[in-house]
Amino acid sequence: MKKHLISTLILGSLMSANAFAELNKEQTQQLEEINQFLKENPSTISGLHTSLEQYVASQAQVQKAQAESHDWLYSNDAHPITGNPDGKSVIINFTDYNCPYCKRLEKGLVQLASENSDIKIINVYLSFKQQQINELNTNAALYAMKVWKDNREAFTEVDRLLMAKSGLHTKASLQAVAKKTGTEAQLSTTSDQSNTLMTNHQTFSALGLTGTPTLMMNGQVLPGYVPYDRLKDIVDDAF
């Protein structure tokens, strides 16, 4: 148990150090504790060394995936943008309209963009729970991307309404949003949106990500929901 705990501390310290480029006070303290533990328990070094080698190898794969996916994520007109389209502080938002934590995080992102005119949020849609809605040749992610492509003026309201619904979207919920926003034509998606959604999932997996929501900003990865106050501090530090 103790060995496992120290392994976790080492990997956590390395991941944090990699994300923030330098050690903070907490990480420095963790490394001091690790160093002392290893001096007192030298028999654990071999196993920990193997764990670190595996971690370094996995990080190399992630870095390669980040480089290969950069243009797909940052220079792709298929991804809807919220905030300032010309903003220099760019956040990649891996999100799912059927994910309750994504919907909670969305409120913070909207507030963040309203308070900081330099924030640009690139929304990379995923659809883990719903590939297609019965009786409709679409789902929430495909529909939103189609609206972004064909009727950009309506996207902000469509996005707001899709995020506002609790639970999974249904045929009725999508039709209600489409009727309210005059986007019924976008309920019929094309292979363009399907291919984009498929590549989004492939990219998400290649980056070693495991769940939504996940944010990427300035080389940092922030998985899961975070309250607005913490999110604001993280974004301020990142940019």
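**Why the labels fit: a predicted model**

Analyst: Gly83 has Lys120 as its bridge partner in β3. This is a predicted model, where local features need pLDDT of at least 70, side-chain atom pairs count only at pLDDT 80 or more, and totals for chains, interfaces and linings use all residues. Residues are numbered from 1 along each chain as its sequence is written, and side-chain values use heavy atoms, with hydrogens and water left out.

User: What pLDDT does the protein chain average?

Analyst: The average is 88. pLDDT is the predictor's confidence in each residue, on a scale from 0 to 100. At least 70 is reached by 88% of the residues. Residues 15–20 fall below 50. That stretch has nine contacts in the model beyond near neighbours in sequence; a contact means heavy atoms within 4.5 Å. Where pLDDT is low, the predicted coordinates should not be read in detail.

User: How many helices and strands does the protein chain have?

Analyst: Nine helices and five strands. Both are DSSP runs, numbered from the N terminus: helices are H or I with at least four residues, strands are E with at least two. The order from the N terminus is α-α-α-β-β-α-β-α-α-α-α-β-β-α.

User: What makes β1 and β3 a pair, and in which sense do they run?

Analyst: Two strands pair if DSSP finds at least two bridges between them. β1 (residues 81–83) and β3 share three bridges, so they qualify, in the antiparallel sense.

User: How many bridges join β2 to β3, and which way do they run?

Analyst: Seven, and the strands run parallel. β2 covers residues 89–95. Ser89 has Ile119 as its bridge partner in β3.

User: Which hand does the β-α-β unit of β2, α4 and β3 have?

Analyst: Right-handed, with α4 spanning residues 100–115. The label applies if, with the strands pointing away from the viewer, the path from the first strand over the helix to the second runs clockwise.

User: Why is β3 called mostly covered?

Analyst: Buried means under 20% relative accessible area, exposed over 50%, and partly exposed in between (1.4 Å probe, protein chains only). Seven of the seven residues of β3 are buried. Both faces of β3 take part: Ile119, Ile121, Asn123 and Tyr125 point one way, Lys120, Ile122 and Val124 the other, and all are buried. Across the protein chain of 239 residues, 44% count as buried.

User: Is Gln130 buried or exposed?

Analyst: Buried, because its relative accessible area is 10%, under the 20% limit. Gln130 sits in the loop between β3 and α5. Leaving out residues up to four places away in sequence, Gln130 touches Asn98, Asn139, Leu168 and His169.

User: And Glu135, buried or exposed?

Analyst: Exposed, because its relative accessible area of 69% is over 50%. Glu135 lies in the loop between β3 (119–125) and α5. Its phi is positive, about 75°, although Glu135 is not a glycine.

User: How do you know that Asn218 counts as exposed?

Analyst: Its relative accessibility is 52%, so Asn218 passes the 50% cut-off. Asn218 is in the loop between β4 and β5 (220–223). Its phi is also positive, near 50°.

User: What puts the buried residues on the same side of α7?

Analyst: The buried residues of α7 are Ser173, Leu174, Val177, Ala178 and Thr181. They cover an arc of only 130° around the axis, so they lie on the same side of α7. The arc is that of the directions from the helix axis to the C-beta atoms. An α-helix has 3.6 residues a turn, so residues three or four places apart point the same way. On the other side of α7, Ala172, Lys179 and Lys180 are exposed. Among the elements covering the buried residues are α5 and α6.

User: Which residues touch the most other members of the largest nonpolar core?

Analyst: Tyr97, Tyr125, Tyr143, Phe155, Leu162 and Leu174, in a core of 23 residues. α5 (140–150), α6 (155–164) and α7 (171–181) each supply at least two residues. The largest share, eight residues, comes from α5.

User: What makes such a set a nonpolar core?

Analyst: The members are buried Ala, Val, Leu, Ile, Met, Phe, Trp, Tyr and Cys residues joined through side-chain atoms within 4.5 Å. A second, separate core has 16 residues, including Leu105, Leu112, Ile234 and Val235.
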